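Subject: Handover of a protein structure

Dear colleague,

I am handing over the structure below for your studies. Please keep it open while you read the notes that come after it.

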Amino acid sequence: MEQRHLGRTGLRVSRIGLGTLTWGRDTDEHDAADLLKTFWEAGGTLVDTADVYGNGEAEYLLGRLIDGLVPRRDLVISTKAGSVPDPDRRFDGSRGHLLAALDASLARLGTDYVDVWHIHAYDPRTPLEETLQALDLAVSSGRVRYAGVSNFCGWQIAKAATWQLAAPGTRTRLASTQMEYSLLQRGVEREVLPAALDLGIGLLPSSPLGRGVLTGKYRNATPPDSRGASEHLAPFVEPYLDDMAGRIVDAVTTAADGLAVTPLQVALAWVRDRPGVAAPIVGARTAQQLTAALSVEALSLPDEICRALDDVSAPVHRYPDHDWSTL
């Protein structure tokens, strides 16, 4: 699998990443082992997790599989901290919480360091400079090699990255940002992606298949074994089952038919090759699904197909978005 630099850093990652959102909840150890081995054998290196996935079970499962199944040195492990199970305070970006969460993640993963550590979301109750200090301390202590943020909007990521570049002392440059990005969700193109490109931050798209909808599996009905039929994941899929999404899925299917490939391959190739993207994170449930996603490695979409998909899925840009002067 082709490797790409993560933002403006020397770290190289596989251009498709393996997500572990369902590990420890819907994906057991046996299936997780199959996924990780399939990914590694295909040349994949970037494995993404978080301290809240499966209430810590995702990290624990990954830790059990490291070395016993796949050498630690062959993986680029990314995890996140900052989300908390508190309905009154969903995110905690305090230095104390973040550093304690990192230590707990390392213990579950059974490793001395993580390659990339993301702040899971912006915490408006904590001064941003305090949150960023946690990144600096984590990197300077050797527990983290590279740092990034997740789910920060345009001004938040620009402020954070600029602070790290301009503030006095030894600061840790932001290497990456993880955001939802697909043909069904192009909101990052308004301000987040232009900021990331300007500041040398690599984008790691989550849900690159539109929460599974872009595979075409929901065109006629909801498959009983799909996330859309799952009690706890159905609300996650439902927003992408409207008429607009249907038109985009139809266009993806038409393109796939013309290229003699699958809708999954078309949708994944489109987001993988967007400017600023380092590696889409694919959250397959089975090794068979993952193999289907990894088959996109050999596919590059023709320019006319890309333009057609761009047109049918184009987000509305209005003042004061970055391209307002062209309206």
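The notes below describe the sheet, the helices and a few individual residues.

This is a predicted model, in which local features need pLDDT of at least 70 and side-chain atom pairs count only at pLDDT 80 or more, while totals for chains, interfaces and linings use all residues. Residues are numbered from 1 along each chain as its sequence is written, and side-chain values use heavy atoms, with hydrogens and water left out.

The sheet

Helices (H or I, at least four residues) and strands (E, at least two) are DSSP runs, numbered from the N terminus. Two strands are said to pair if DSSP finds at least two bridges between them. Eight strands form an open sheet with parallel pairing, in the order 9-8-7-6-5-4-3-10. Its edges are strand 9 (202-206) and strand 10 (281-282), each of which pairs on one side only.

Strand 3 (residues 17-19) pairs with strand 4 (residues 46-48) in the parallel sense over two bridges, and Gly-19 has Asp-48 of strand 4 as its bridge partner. Strand 4 is also joined to strand 5 by three bridges, and these two run parallel. There, Asp-48 stands opposite Ser-78 in strand 5.

A residue is called buried under 20% relative accessible area, exposed over 50%, and partly exposed in between (1.4 Å probe, protein chains only). Strand 5 is mostly covered, with six of its six residues buried. Val-76, Ser-78 and Lys-80 point one way from this strand, whereas Ile-77, Thr-79 and Ala-81 point the other way.

Strand 7 is mostly covered as well, with five of its seven residues buried. Strand 6 and strand 7 pair in the parallel sense over five bridges; Val-114 has Val-144 in strand 7 as its bridge partner.

Helices 1 and 2

Two packed helices are described by the angle between their axes and the distance between the axes. Here, axes are lines fitted to C-alpha atoms, for helices over the stretch in contact, and angles run from 0 to 180 degrees between N-to-C directions. The axes of helix 1 and helix 2 (residues 57-65) come within 10 Å and cross at roughly 60°. Helix 1 and helix 2 are therefore oblique to each other; angles under 35 degrees count as roughly parallel, over 145 as roughly antiparallel, 65 to 115 as roughly perpendicular and the rest as oblique. Their crossing is right-handed, a term used if the near helix is turned clockwise from the far one by less than a right angle.

Contact means heavy atoms within 4.5 Å. Glu-29, Ala-32, Ala-33 and Leu-36 of helix 1 meet Leu-61, Leu-62, Arg-64 and Leu-65 of helix 2.

Helix 11

Which residues of helix 11 (residues 303-313) are buried? They are Ile-305, Leu-309 and Ser-313. These residues cover an arc of only 50° around the axis, which puts them on the same side of helix 11; the arc is that of the directions from the helix axis to the C-beta atoms. An α-helix has 3.6 residues a turn, so residues three or four places apart point the same way. The face turned away from the buried side carries the exposed residues Asp-303, Glu-304 and Asp-311. What covers the buried residues of helix 11 includes helix 8 (243-259) and helix 9 (263-272).

Individual residues

Asn-151 has phi near 60°, a positive value in a residue other than glycine. Asn-151 lies in the loop between strand 7 (144-150) and helix 5 (154-166) and is partly exposed, with a relative accessible area of 42%. Ala-260 likewise has a positive phi, of about 60°, although it is not a glycine. Ala-260 is found in the loop between helix 8 and helix 9 and is exposed, with a relative accessible area of 71%.

Thr-162, in helix 5, is partly exposed at a relative accessible area of 40%. The C-alpha atoms of Thr-162 and Leu-199 are separated by 8.0 Å, and the two residues are 37 residues apart along the chain. Leaving aside its neighbours within four places in sequence, Thr-162 is in contact with Ala-167 and Leu-199.

A colleague
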